[in-house]
Each structure stands twice: as structure tokens, then as C-alpha cells.
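Biologist: Can you walk me through this one? I'd like to start with how the helices cross.

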Amino acid sequence: MKTKVLIIGAGPAGSMAAFRLASRGFRDFVLVDRCEFPRIKPCAGGISPSAFRFLEKAGLAHILADCKPSAEMKRLRFIGPRGQSLIMADNLKAMAINRAIFDETLLNEAKKAGAHFIPRFTARELLRDGNGRITGAMDGNRSIESEVTILATGCRNKNFRDKYCADKRPLRLIFSRIGWWKGFDLEESMMEMIFDRDYIPHYGWVFPEGGGMVNIGVCLYEDKLNGKNVAEVFNEYLAKYHAKRLSKATPVGRSLSFVINTTGSVKHVYSNSILYAGEAGRMCNPATGEGISFAMESGWLAADAVLQAYGRGGKPEERPLERYEEMCRKAFNSRLKRAALVSRLIDSPAFDFMIDISMTGFSRKMISRFLADM
Ligand SMILES: Cc1cc2nc3c(=O)[nH]c(=O)nc-3n(C[C@H](O)[C@H](O)[C@H](O)COP(=O)(O)OP(=O)(O)OC[C@H]3O[C@@H](n4cnc5c(N)ncnc54)[C@H](O)[C@@H]3O)c2cc1C
């Protein structure tokens, strides 16, 4: 099969790229995913204020209403490293959705706009021409040839990163584990974030998903695991913070471990005709692990770069594709750098001090700004 543009991965990055291309009338592209949709994605499903803003800009805010069940998260209960429990933010514009539903809804929007989607295509190898340019992907003996590839495969595919990605910086992975329960006692419209000293600068959380369901998880850098695996850390976390409420709740499905690929700044997200979007390009908040907004926006920018590259018809021009990197840096670097700074602040004695003075308007304002920036 031959196409101008191949998009690999139909998470928020790939589906948003497909939606943007199709809704601008560009049809010579294919979106593939190794899964049939809906598919499970280990994720807390927090739709941050940034994700809201982006969906509004894309004219897709209505899909949040289509995602049912879902839950508003207007308030945040914050547990500090010395067990301090505070309601830190009120009237937040955040909600949680089930990722299987959200991703399928976004994919359906792309299909409605005209995207051609092929499920059960696992890109196991990329095709290369004699000049090292990527010219498509293979799944066993099936291949799709393309002129441009948008790689939106999330944090997986170490194989591709090692072989093709120009960004050779060491990875900054956050290890995480998540599970789902019904009947867990959580106040209406509340989310909980638990900054245990062992996980700092990251945290454990409880997010409502609507329909009586919550997801509970923990995330932390590898060097905070202290020789344990993330499942052991998760079990200790459940026992330490949630044992009483869990005794009355029922688990739904298995708990899952996953990594989150983050960075403090975007560097190389284009090389040899591949545009890296979403977590495949490390675009994810290093402080909160929020990646849905980065994925959608980078997918959109990748599509814009492609549209410009084909602006004059014929073969794609190189310069607009190269400009994708600048577009991503401009869109994300100040946010990523602020998040990296917050991460360092949380990992310092200043954090305890801030919680101690958290009754002051100043620190409340700081934390609300941080959350609005998520
Ligand atoms: C436990 C956990 C909790 C999280 N909580 C939040 C949160 O509350 N809010 C938030 O904003 N972010 C959260 N994140 C981060 C968020 O899930 C990701 O940043 C986001 O999903 C990245 O989107 P993406 O489109 O880049 O990749 P993904 O959503 O991972 O999508 C990648 C797609 O590519 C497909 N794929 C992978 N490899 C191949 C291949 N070789 N061939 C074909 N298809 C392939 C996969 O099947 C998948 O559909 C969380 C992450 C984790 C792990």
C-alpha cells in the first residue's frame, strides 16, 4: 500500500493529527494502530485546563460531553509529605474520563472528517531508502510506503527511538501503576494527590471517573523506586493511604504498570521524514505526567507542518517539515521548563515550607496557577 502520509498510533496525538489533516481536506494519508478500538490505555484520564483549552481551539470541546461516564474534578485534596491534608484548590476546570472512551471518541471524529484508519497494524520495522529517509513501515510481510511519517506511538518502541530518533538525550521516564475500583468513598467532584516523601517530586492519586468508578495510581522516577518494582510501591501506597476505603470497594480489572516519557524541553522531534508527536517525542509534563494536551497539540502541529509541506502540490518540501521542531519548541518549551522548575521546587525543603504557609493567599495562588498550567 502507498500513501503520502502514514500516521502510526491512534492515541490523542495520532488521532488529532488525522482529524486536522482530514478536516483541512487532505486525504492521502493512513492512520494505523496495533489495536482495535476501543482499547485499554493505562491513564488516570485527567483532562487538564490545557487540554480543555486546546479542545476548544480545535472546535472539539463537544467530545467531552460525548464521553460518558465522566466526572468533574473541581476540588483537590492535597496530602503533604508530613501527612498534612488540605483542600488546595476549588472550582478547577478539570475532569476525568475513561481513556478507552475518550480515545475512541477522538478517533471517530477523525474518521468522520474522512480519515482512513487501519487497526491491527503493528509497525514492527520502519522502511528506509538509500539516503536514510524513512519511507514507511512494516508489520510482518505487510508494508505501507509513505513520503512522510508521523510517529505517534506513545512511550513505547524503544527500538525505533534507539535506531531513528535524533534526540539522543537520556530518557526521563516516570514509572507508574494504576488500578480501578467501584464503591470507593470519594467526595463529590474531588481528586486527591498524595505527595509522600518517597515519591516526591511525584505523587499518588485518586481520580473519579464517573459512574461510581475511581482510578488510583502512583507515579515516581526510577531512582525513587529504591530497588523495588512499581507494583510493590503501589501495594505499599494502597495499604498506607487507602486501606480503609478499599476494604469497602471492589476492584475492576487488573492494575497495570506503565512508563511516562517526559522532558524539560523539546529538542529533536523531526528527522529523516519522521515527525515525532506526543509521548513518542517526549512531550509530556515532567511534574504532573499530564500528556493528553501535549499529545493532541503536537499532533495538530505535525498535521499543520505536513499541510505546509504539501502546500504547492507534488513532493513534500523539507523546510516546513523541519519547522515542526520550532513549532513544538515555541508551543511547549516554556510550559515544560516551568513544570521542570516546579518539580525541582517540590523536591526541595521549600515545598514543606510552602505547605506550612499554605493558608496564605500567596501559596494558594501559586498552587492554583500550577494546576491551571497542567
Ligand atoms: C498511569 C498513567 C496515568 C496518566 N494520567 C494522565 C492524566 O491524568 N492526564 C493526562 O493528560 N495524561 C496522563 N498520562 C499521560 C498520557 O496518558 C499520555 O501522555 C498520552 O496518552 C500520550 O498520548 P500519545 O497519543 O502520544 O500516545 P498513546 O496515548 O500512548 O497512544 C499511542 C498509540 O500508539 C499505538 N502503538 C504503539 N506502538 C505501535 C506500533 N508499533 N504500531 C502501531 N501502533 C502502535 C498504541 O496502541 C496507542 O494506541 C498518564 C499516563 C500514565 C501511564
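Modeller: One definition to begin with. A crossing is left-handed if the near helix is turned anticlockwise from the far one by less than a right angle, and right-handed if clockwise. Also keep in mind that this is a predicted model.

Biologist: Fine. Which hand is the crossing of α1 and α4?

Modeller: The crossing of α1 and α4 is left-handed. α1 packs against helix α4 (residues 99-113) at about 20°, and their axes are 8 Å apart. Angles under 35 degrees count as roughly parallel, so α1 and α4 are roughly parallel to each other.

Biologist: Which residues of α1 and α4 make the contact?

Modeller: From α1, they are Pro12, Ser15, Met16, Ala18, Phe19, Ala22 and Ser23. From α4, they are Arg99, Asp103, Leu106, Leu107, Glu109, Ala110 and Ala113. By class, the contact of α1 with α4 has nine nonpolar, two polar and three charged residues.

Biologist: Now α7 and α8. What angle do they pack at?

Modeller: About 155°, with the axes 8 Å apart. Helix α7 covers residues 292-309 and helix α8 covers 318-346. The cut-off for roughly antiparallel is over 145 degrees, so α7 and α8 are roughly antiparallel to each other.

Biologist: Left-handed or right-handed, that crossing of α7 and α8?

Modeller: Right-handed. On the α7 side the contact residues include Phe294, Leu301 and Val306. On the α8 side they include Tyr324, Met327 and Phe332. The contact of α7 with α8 divides into 14 nonpolar, three polar and four charged residues.

Biologist: Switching to aromatics. How many aromatic pairs are there in the whole structure?

Modeller: The search finds 13 aromatic pairs. One of them is Phe26 with Tyr310, a tilted pair with 5.4 Å centre to centre and 50° between the planes.

Biologist: Where do Phe26 and Tyr310 sit?

Modeller: Phe26 is in the loop between α1 (12-23) and β2 (29-32). Tyr310 is in the loop between α7 and α8. The pair links distant parts of the chain, 284 residues apart.

Biologist: Sheets next. What's the strand order in the open sheet of six?

Modeller: The order is β8-β2-β1-β12-β19-β18, with mixed pairing. β8 (117-118) and β18 (270-271) are at the edges, each with a single partner strand, so one side of each has no neighbour in the sheet.

Biologist: And how do β1 and β12 run?

Modeller: Parallel, with four bridges joining β1 (residues 5-8) to β12 (residues 148-151). Ile7 stands opposite Ile150 in β12.

Biologist: What about the open sheet of three strands?

Modeller: That sheet runs β9-β10-β11, with antiparallel pairing. Its edge strands are β9 (125-128) and β11 (142-145), each pairing on one side only. Neighbouring strands there are turned by 30° against each other on average, direction ignored.

Biologist: How many bridges between β10 and β11?

Modeller: Four, in the antiparallel sense, with β10 covering residues 134-139. Ser143 in β11 is the bridge partner of Met138.

Biologist: Last one. What do β5 and β6 form?

Modeller: A hairpin, with five residues between the strands. Gly83 in the turn has a positive phi of about 80°. Strands β5 (residues 75-79) and β6 (residues 85-89) pair in the antiparallel sense over four bridges. Ile79 stands opposite Ser85 in β6.

Conventions
Residues numbered from 1 in each chain as written. Predicted model: local features only at pLDDT ≥ 70, side-chain atom pairs only at ≥ 80, totals over all residues. Heavy atoms only, no water. Pairing = 2+ DSSP bridges. Helix = DSSP H or I, 4+ residues; strand = E, 2+ residues; numbered from the N terminus. Axes fitted to C-alpha atoms, helices over the stretch in contact; angles between N-to-C directions. Parallel < 35°, antiparallel > 145°, perpendicular 65-115°, else oblique. Contact = heavy atoms within 4.5 Å. Nonpolar A, V, L, I, M, F, W, Y, C, P; charged D, E, K, R; others polar. Phe/Tyr/Trp six-rings, centres within 6.5 Å; stacked < 30°, edge-to-face > 60°.
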